[in-house]
Amino acid sequence: MEPKATRNIAPAYPASSVLLIRDGLGGLEVLMIERAKTMRFAPGALVFPGGKVDPSDFDTWRWQRYLKKDRRTFRDLALRIASVRELYEETNILLGDRRSDYLLPKGVGFEKLLQTERVQLEVATMEPFAHWITPETVPRRFDTYFYLAADNDHLEDFDGEEAVSAHWLKPREVLSDWKADRVPLMFPTRLNLMKLARSSTVTAAMQAARQESVVKVLPKVEVKDRRIAITIDKAAGYGVTKATERELSVERPKT
């Protein structure tokens, strides 16, 4: 009997995303950005700020001077730095130790800005929220960690390239708009909004994140009758285990 051919699985690159939340007039709000409709992947979709971890994010020595004094050490420091950096690069928001009720100058690199503004990053106040890995059958994969962070009266200012707008939105209203087919969402985004919508205030959301264990989610892809199905384990705790066709169409790269 001939051995079965082994399937090459692409590596999952580390990535990080942040759910920045605040107490709005009508309840809990989260910062979301709209991807440009010209993007090949997920055009026009609402997403949380985030992206691929940069090699420099792993340089602990580089960032140590910019961290608020904390006795704890974080094994995931590179992921936290990456999410803070991506948040700044996409929305011009810097998670620092003082109020940022003014827009920071544009076009200044992340590390250079830390030097000039003398801001201490508040990575210690971030809470792990979710962990998703791209299915093994996908050629371009990411190992993405999501963090929850409380806002401190920032003003959003999108980058105009990958993102075309940034808005403070109520999770329940976004989900309602998605259900009515008014906004496109990717599967992980919808489920993380569902999880966030269980809390009505920043305090409650942060407390829930501290108490709940983060379950690693690796969706499974099955093809039957030329139709693709993506499912996740019930143990992930979202209450939903299968992606909809609309979500699959959003995540399908445009040719």
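This note goes through strand pairing, salt bridges, aromatic pairs and charges over rings in a predicted model.

1. Basis. Because the model is predicted, local features need pLDDT of at least 70 and side-chain atom pairs count only at pLDDT 80 or more, while totals for chains, interfaces and linings use all residues. Residues are numbered from 1 along each chain as its sequence is written, and side-chain values use heavy atoms, with hydrogens and water left out.

2. Helices (H or I, at least four residues) and strands (E, at least two) are DSSP runs, numbered from the N terminus. Two strands pair if DSSP finds at least two bridges between them. Strand 1 (residues 12-24) pairs with strand 2 in the antiparallel sense over four bridges, and a hairpin of two residues joins strand 1 to strand 2. Gly24 has Gly27 of strand 2 as its bridge partner. Strand 2 also pairs with strand 3, again antiparallel, over two bridges; here Glu34 stands opposite Leu46 in strand 3.

3. Burial around strand 2. Buried means under 20% relative accessible area, exposed over 50%, and partly exposed in between (1.4 Å probe, protein chains only). Eight of the nine residues of strand 2 are buried. Gly44 lies in the loop between strand 2 (27-35) and strand 3 (46-47), and counts as buried at 9% relative accessibility. Between Gly44 and Val250 the C-alpha distance is 8.7 Å, although they are 206 residues apart in sequence.

4. Salt bridges. The structure holds twelve salt bridges, each a side-chain nitrogen of Lys or Arg within 4 Å of a carboxyl oxygen of Asp or Glu. One of them joins Asp76 to Arg80, with the closest N and O atoms 3.0 Å apart; both Asp76 and Arg80 are buried. In the salt bridge of Asp59 with Arg62 the closest N and O atoms are 3.2 Å apart, and Asp59 is partly exposed at 22% relative accessibility.

5. Arg182 forms a salt bridge with Asp177, the N and O atoms coming to 2.8 Å at the closest. Arg182 is exposed at 55% relative accessibility, whereas Asp177 is partly exposed at 25%. Elsewhere, salt bridges with shared partners join Asp57, Arg85, Glu86 and Glu89 into one network.

6. Aromatic pairs. Rings of Phe, Tyr and Trp (its six-membered ring) pair if their centres lie within 6.5 Å; planes under 30 degrees apart count as stacked, over 60 as edge-to-face and the rest as tilted. The count comes to five aromatic pairs. Tyr88 and Phe110 form a tilted pair, 6.1 Å centre to centre with 40 degrees between the planes. Tyr88 lies in helix 2 (residues 77-91) and Phe110 in helix 3 (residues 110-117), so this pair ties together parts 22 residues apart in sequence. Tyr88 is buried at 4% and Phe110 is buried at 5%.

7. Trp132 and Phe187 form an edge-to-face pair, 5.7 Å centre to centre with 85 degrees between the planes. Trp132 is in strand 5 (residues 127-133) and Phe187 in helix 5 (residues 187-196), so the pair ties together parts 55 residues apart in sequence. Trp132 is buried at 4%, and Phe187 is buried at 3%. Ring pairs also link Trp63, Tyr66, Tyr88 and Phe110 into a cluster.

8. Charges over rings. A charge sits over a ring if NZ of Lys or CZ of Arg is within 6 Å of the ring centre and within 35 degrees of the ring normal. Lys52 lies over the face of Tyr13, 4.3 Å from the ring centre. The charged end of Lys195 sits over the ring of Phe129, at 4.5 Å from its centre.
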